[in-house]
Structure formats: structure tokens, C-alpha cells
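Keep the structure open as you read.

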Amino acid sequence: MRLRNKPWAKPLIEANPQWVVTNPSEYRGKWQERFEKAQPLYIEVGMGKGRFIVEMAKKYPHYNFIGLEMQTVATGIALKKQLVEQLPNLQLVCANGAGLTEFFATDEVAGIYLNFSDPWPKNRQEKRRLTYKSFLAAYKEIMVADGQLEFKTDNRGLFEYSLASLNNFGMTFEKVWLDLHADEEAVVDNVMTEYEEKFSSKGQPIYKLAARF
Ligand SMILES: C[S@@+](CC[C@H](N)C(=O)[O-])C[C@H]1O[C@@H](n2cnc3c(N)ncnc32)[C@H](O)[C@@H]1O
């Protein structure tokens, strides 16, 4: 997803360094300093417009959250939400997730969320998929040993690819859903993303997996 440029986004981010980090390497091993309280840290890679991570931070005040996004405009839209909410357990990072091990120290992260990640369907684009083995290696390095990776998507091809990629990396699946919204128990705890709302309202099934290294 590429959003059209919005001239307000960059200045808004620059005016709010208390909520948005644009130099994440400087906080490697020190992220807890950015929050009101030191508590387990969960990150979403590719947060888009930020609905999921904002709602998670509201729902779970005893955890800290970081929404990471490489597009300035999407980060700016997420920032607008945080400017309304002012959540002390939420920070935003505008950077490419390919640098995760430069941004986070070993075991610094308690869990990772990937939601409706770009599918990059062509074979030559495989390395950009957020469930490609180089990303999995980075998640393993920065996450605590029993940390969980959760991935939701509407894209069956990307989901099948990800099942194979995680399995071949030696990960253990906690649970796999082929139609998340049909599971009444799972729906109670489910926090919707912008993309999830869009696709599920069209009747498309949402795939989800939860796995550990
Ligand atoms: C299809 S959108 C989904 C947004 C949101 N998670 C949702 O479910 O509504 C995927 C987002 O991931 C971001 N993204 C893709 N690759 C990324 C990377 N390597 N690092 C950071 N963000 C990334 C894109 O810029 C885009 O905003």
C-alpha cells in the first residue's frame, strides 16, 4: 500500500518527537526509557494508519507498544490518533523494519504483530515479505525466547507462503485460523486493523497464525 503524499505529515512528525522516533538505532536496548513505565514491549511491523496498535495500547495499559511504519504519511495518520489519545504506553517509529536488529537489542521485545503485510507476490520480491526467513531471524534475535509472533492477512497466497516459511524456520504453531471471524471466542479478543475492517466487511475470510520460535 502506497499512500499519496501529504505535505503536513513530515512537519507533524518533526513537531512531535515525544511520540515518534525517526532515529530508532539510538534507543537500541533503551526503549523502556521512552515510556512512562517499564513493562513488556510489543511491536507491530507495518502498522499502516495505526488503528490496531492504538487500540491495543488502550486495551492493555500494562504493556508497552511500538508501531513501526516506513511510510511518512501512514505514520503521520497514526500520529494524529495518538495526539488525540496521548497514550503513555505507545510510541511510533518511522523506519524500515528491515533494520530491526539495529533498532532493538536481543530479548528486548515480548511479542511481534504483523497485520495485512504487503504480499509482494512476484518471486523476485520474496525477500521483502515480512515472513521471509531474514525477517524471521531478526524477530528471533530481538524477541524473548517464549515470545509470540502473530500474523493476520486476507491474502491466501501470502498466508500459505508464511506457513511454509515459519515451519521451515523451525517455528511452532500455537494456533492457525482459516476464518478468524468465524471463531466466536477469538473474535472477543480480536483487535481489528484498518485493512481487516475493509476486507472482512466484504465477506473475505481473515487468516491468522500465532507461532513461537
Ligand atoms: C497493507 S498495509 C497494512 C496496514 C495495517 N497493518 C493494517 O492492517 O491496516 C502494510 C503496511 O506495512 C508497511 N510496511 C511494509 N513493509 C514494511 C517494512 N519493511 N517496514 C515498515 N513498514 C512496512 C507499508 O508501508 C504499509 O503501510
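## Salt bridges

The structure holds 10 salt bridges. A salt bridge here is a side-chain nitrogen of Lys or Arg within 4 Å of a carboxyl oxygen of Asp or Glu. Side chains of opposite charge can pair when their charged atoms come close. The model is predicted: local features need pLDDT of at least 70, side-chain atom pairs count only at pLDDT 80 or more, and totals for chains, interfaces and linings use all residues. Residues are numbered from 1 along each chain as its sequence is written, and side-chain values use heavy atoms, with hydrogens and water left out.

## A buried pair

Start with lysine 208 and glutamate 150. They form a salt bridge, and their closest N and O atoms are 3.0 Å apart. Lysine 208 sits in strand 8 and glutamate 150 in strand 6 (residues 143–153), so the pair ties together parts that are 58 residues apart in sequence. Strand 8 covers residues 207–212. Strands (E, at least two residues) and helices (H or I, at least four) are DSSP runs, numbered from the N terminus.

Are the two partners buried or exposed? Both lysine 208 and glutamate 150 are buried. For lysine 208, the relative accessible area is 13%. Buried means under 20% relative accessible area, exposed means over 50%, and partly exposed lies in between (1.4 Å probe, protein chains only). The areas come from the Shrake-Rupley method with a 1.4 Å probe, and for residues only the protein chains shown count as cover.

The side chains of lysine 208 and glutamate 150 also make a polar contact of 3.0 Å. A polar contact is a pair of N or O atoms within 3.5 Å; within protein, one must be able to donate a hydrogen and the other to accept it, and residues adjacent in sequence count only if both atoms are side-chain atoms.

## Other charged pairs

Glutamate 160 is partly exposed, at 41% relative accessible area. Arginine 156 is exposed, at 52%.

Aspartate 183 pairs with lysine 175 in a further salt bridge, with the closest N and O atoms 3.9 Å apart. Lysine 175 is partly exposed, with a relative accessible area of 41%. Elsewhere, Glu55, Lys58 and Glu85 are linked in a network of salt bridges.

## A positive patch

Which residues gather in a patch of positive charge on the surface? They are Arg4, Lys6, Lys49, Lys80, Lys198 and Lys202. Patches are made of residues with over 30% relative accessible area and no salt bridge; like charges are joined within 9 Å, and nonpolar side chains (Val, Leu, Ile, Met, Phe, Trp, Tyr) within 5 Å. Lys and Arg count as positive and Asp and Glu as negative, while His and the chain ends are not counted. The place of a charge is taken as NZ of Lys, CZ of Arg, CG of Asp or CD of Glu.

Take lysine 80 from this patch. It lies in helix 3 (residues 72–85). Lysine 80 is partly exposed, at 42% relative accessibility. Its C-alpha atom is 23 Å from that of aspartate 118, which is 38 residues away along the chain. Aspartate 118 is in the loop between strand 5 and helix 5. At 30% relative accessibility, aspartate 118 is partly exposed.

## Residues in loops

Phenylalanine 116 is buried, at 9%. Aspartate 107 also has a positive phi, near 65 degrees. This aspartate lies in the loop between helix 4 (100–103) and strand 5 (109–115). Aspartate 107 is partly exposed, at 45% relative accessibility.

Tryptophan 31 is in the loop between strand 1 (20–21) and strand 2 (41–45). It counts as buried, at 0% relative accessibility. Asparagine 190 is in the loop between helix 7 (184–189) and helix 8 (194–201). Asparagine 190 is buried too, with a relative accessible area of 17%.
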